[in-house]
Amino acid sequence: MEKDLRDGVSSRSVSLGSPSSLSPSYEQLEPPQTSYCFDQALLDSEFSRLSVSSSSYNNNRRRSSSSNSNSNNQALYMGSGYDLANGVGGVDHFMPCSFQPERENQRVGDFGHLGVANTNFLETFVPERNQLRQREYPNRLSWNGNGLVSDVSMNSCGLVDGLGSKKPRFPNWLKDSMNCSSLKDLRGMMLYMAQNQQWSRYLQCKMDGCTDEEKNLIFMELIEHVGKLMLHPFGNYVAQKLVEICSEHQRTQILQKVIETNYLVQMCLTNLGSRSIQKLLKHFTTQQQISTFMYALSPGTLALSKDLNGQHVIQHCLMHFSDEDNMHLLNEVANNCLKIATDRSGCCVLQKCLKHYKGALKERVVAGIIANAFLLAEDQYGNYVVQYLLELRIPQVTENLLRQFKGRYFIFSSNKFGSNVVEKCLVETVEEHSSSIIIELLTDPKCSMLLIDPYGNFVIQKALLVSKGCIRNALLELIQSNSSMMTSNLYGRKVLTFCQKELNINFRTRR
């Protein structure tokens with residue numbers, strides 16, 4: 001009978017410790033009374049060390065108790081420790097590390113900062129080995145030989161510090177160079193450093209006071225990847241610093257590398273790329289560099305003008321380069337005047353063109369705006385281009401615009417955007433032109449509707465401000481005859497209030 005009992009013990013071990021912890025009297029050994037095959041107090045203490053949520057553990061423990069009884073009742077010899085079968089956040093059962101199958105892409109639930117890992121928590125659940133270490137370093141967690149991080153700090157919430165933070169863990173071969181005295185010691189590492197947040201800053205500091213030999217070293221390692229770096233979140237700062245410190249010939253090589261990629265326009269459409277290209281433009285020193293760049297950029301003028309990032313590159317060229325350098329760019333703007341003027345970013349580009357240029361190139365752009373003035377006046381962005389053109393007060397241009405609008409002032413006055421153009425026409429033109437506009441409004445059969453219109457009332461107020469003599473008297477008579485209707489209307493009351501404050505005229509309501 002003693003032999004049978006010994007056989008049973010060898011097949012079902014109930015101890016969590018070593019075989020020496022078993023009682024020498026095998027006859028007194030009794031089978032476990034619970035469905036769990038481990039020391040509950042020991043397991044609870046291990047979980048508390050890792051600050052695992054008790055509710056998560058208890059919920060998973062209750063779930064495990066209702067699972068397959070055969071797997072739960074297995075009593076395995078635990079000579080070296082435990083391992084999680086389904087990750088810390090989804091504990092279904094425990095298995096000894098020696099029996100733990102290899103699992104790939106095992107997601108750790110409660111340890112959200114760990115992400116996806118392929119590892120065994122061997123050292124975590126080995127009381128015999130880690131007891132001394134836990135006393136000395138109660139907040140440290142050691143990883144076994146899986147090629148991962150060792151001695152990871154854990155915060156008060158039970159999450160691993162460092163793995164989810166912005167501070168990267170550098171490879172050992174790069175740590176040794178932290179206190180290097182010269183950039184020569186970093187030979188072969190420049191590209192890696194430029195794309196790393198911490199090392200990118202370190203490299204930029206070193207580039208400020210580097211020698212010509214060190215400049216050449218950095219340039220030779222980064223020149224083949226300069227286009228990639230200009231689009232990198234950290235590398236773009238290194239690329240911009242490289243543009244500042246390199247020689248004229250090296251700057252030309254950078255330009256050629258950027259153009260050779262055939263992604264110059266696409267690069268300017270991105271936030272980081274636009275900044276890097278503008279830095280390059282600021283450091284152009286030869287006419288050849290400017291001409292080469294403008295020849296490559298001009299085909300993408302329309303796309304760049306309509307883009308929030310690309311428009312900054314176009315505006316830089318318009319403000320800092322000569323008319324001859326921008327000739328191809330302005331031709332593209334003139335040919336696509338309507339498309340550019342009706343865009344949020346494009347309307348700003350057109351205003352820069354009108355501000356910084358004169359002569360034949362400017363005349364082409366102005367002619368394109370006048371030809372489409374009727375459409376632009378009622379556009380949410382195009383109206384700003386027309387207003388800016390009126391603000392320039394070029395007599396011939398103003399007359400051409402007014403000729404385009406003739407017979408349409410009443411329609412514009414009732415339009416949200418067109419009313420702004422009519423107001424600008426009244427303010428920025430001479431008395432002769434403004435009087436003709438007011439007369440056209442007064443002679444319209446529906447003129448009284450402007451008094452209570454959400455947009456037309458502002459046109460009436462502006463007309464009262466610029467008109468004189470009989471023209472103003474005609475407007476005041478129109479208001480007097482419709483004052484009863486205006487007092488019961490929100491927009492009509494605005495006109496009456498304007499007359500009272502600005503003109504000191506108080507209209508009495510007719511009964």
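Trainee: Which residues of helix α24 are buried?
Mentor: In α24, which spans residues 395–405, the buried residues are Val 397, Thr 398, Leu 401, Leu 402 and Phe 405. Buried means under 20% relative accessible area and exposed over 50%, with partly exposed in between (1.4 Å probe, protein chains only). Helices (H or I, at least four residues) and strands (E, at least two) are DSSP runs, numbered from the N terminus.

Trainee: Why do they line one face of the helix?
Mentor: Seen down the axis of α24, the buried residues fall within an arc of 130°, so they line one face. The arc is taken from the directions from the helix axis to the C-beta atoms.

Trainee: Before we continue, what kind of model is this?
Mentor: It is a predicted model, in which local features need pLDDT of at least 70 and side-chain atom pairs count only at pLDDT 80 or more, while totals for chains, interfaces and linings use all residues. Residues are numbered from 1 along each chain as its sequence is written, and side-chain values use heavy atoms, with hydrogens and water left out.

Trainee: Back to α24: which residues are exposed on its other side?
Mentor: Pro 395 and Arg 403 are exposed there.

Trainee: And what covers the buried residues of α24?
Mentor: The cover includes α21 (360–371), α22 (373–377) and α23 (382–391), together with α25 (409–413), α26 (418–428) and α27 (431–442). Contact here means heavy atoms within 4.5 Å.

Trainee: At what angle do α23 and α24 pack?
Mentor: The angle is about 135°, and the two axes are 9 Å apart. Axes are lines fitted to C-alpha atoms, for helices over the stretch in contact, and angles run from 0 to 180 degrees between N-to-C directions. The pair α23 and α24 is therefore oblique; angles under 35 degrees count as roughly parallel, over 145 as roughly antiparallel, 65 to 115 as roughly perpendicular and the rest as oblique.

Trainee: Is the crossing of α23 and α24 left-handed or right-handed?
Mentor: The crossing of α23 and α24 is left-handed, a term for a near helix turned anticlockwise from the far one by less than a right angle, with clockwise giving right-handed.

Trainee: Which residues meet there, in α23 and α24?
Mentor: From α23, Val 386, Leu 389 and Leu 390 meet Val 397, Thr 398, Leu 401 and Phe 405 of α24. The loop between these two helices holds Arg 393, a residue other than glycine with a positive phi, near 55°. After α24 comes Gly 407, whose phi is also positive, near 85°.

Trainee: What about α28 and α29, at what angle do they pack?
Mentor: Helix α28 (residues 456–466) and helix α29 (residues 469–481) pack at about 140°, with their axes 9 Å apart. That makes α28 oblique to α29. The contact joins Ala 463, Leu 464 and Leu 465 of α28 to Arg 472, Leu 475, Leu 476 and Ile 479 of α29.

Trainee: New topic. Is Leu 304 buried or exposed?
Mentor: Leu 304 is buried, with a relative accessible area of 0%. It belongs to helix α16 (residues 301–305). Leaving aside residues up to four places away in sequence, Leu 304 touches Val 265, Cys 268, Leu 269, Leu 297, Gly 310, Gln 311 and Ile 314.

Trainee: And Ser 413, buried or exposed?
Mentor: Ser 413 counts as buried because its relative accessibility is 0%. It lies in helix α25. Among the residues that Ser 413 touches are Ser 419, Val 422, Leu 441 and Tyr 455.

Trainee: Where is Asn 262?
Mentor: Asn 262 is in the loop between α12 (248–260) and α13 (264–268). Its phi is positive, near 65°, and Asn 262 is exposed, with a relative accessible area of 63%.

Trainee: Which residues does the "repeat: Pumilio" annotation cover?
Mentor: According to the unreviewed UniProt entry, it covers residues 221–256, 257–295, 296–331, 332–367, 368–403 and 440–477. UniProt positions follow the numbering used here, feature names are shortened, and annotations may be inferred rather than shown by experiment. In the model, the span 332–367 is 78% helix and 0% strand, with its end C-alpha atoms 14 Å apart. For 440–477 the values are 61% helix and 0% strand, with the end C-alpha atoms 16 Å apart.

Trainee: Finally, how many helices and strands does the chain have?
Mentor: The chain has 31 helices and six strands. Of its 511 residues, 44% are buried.
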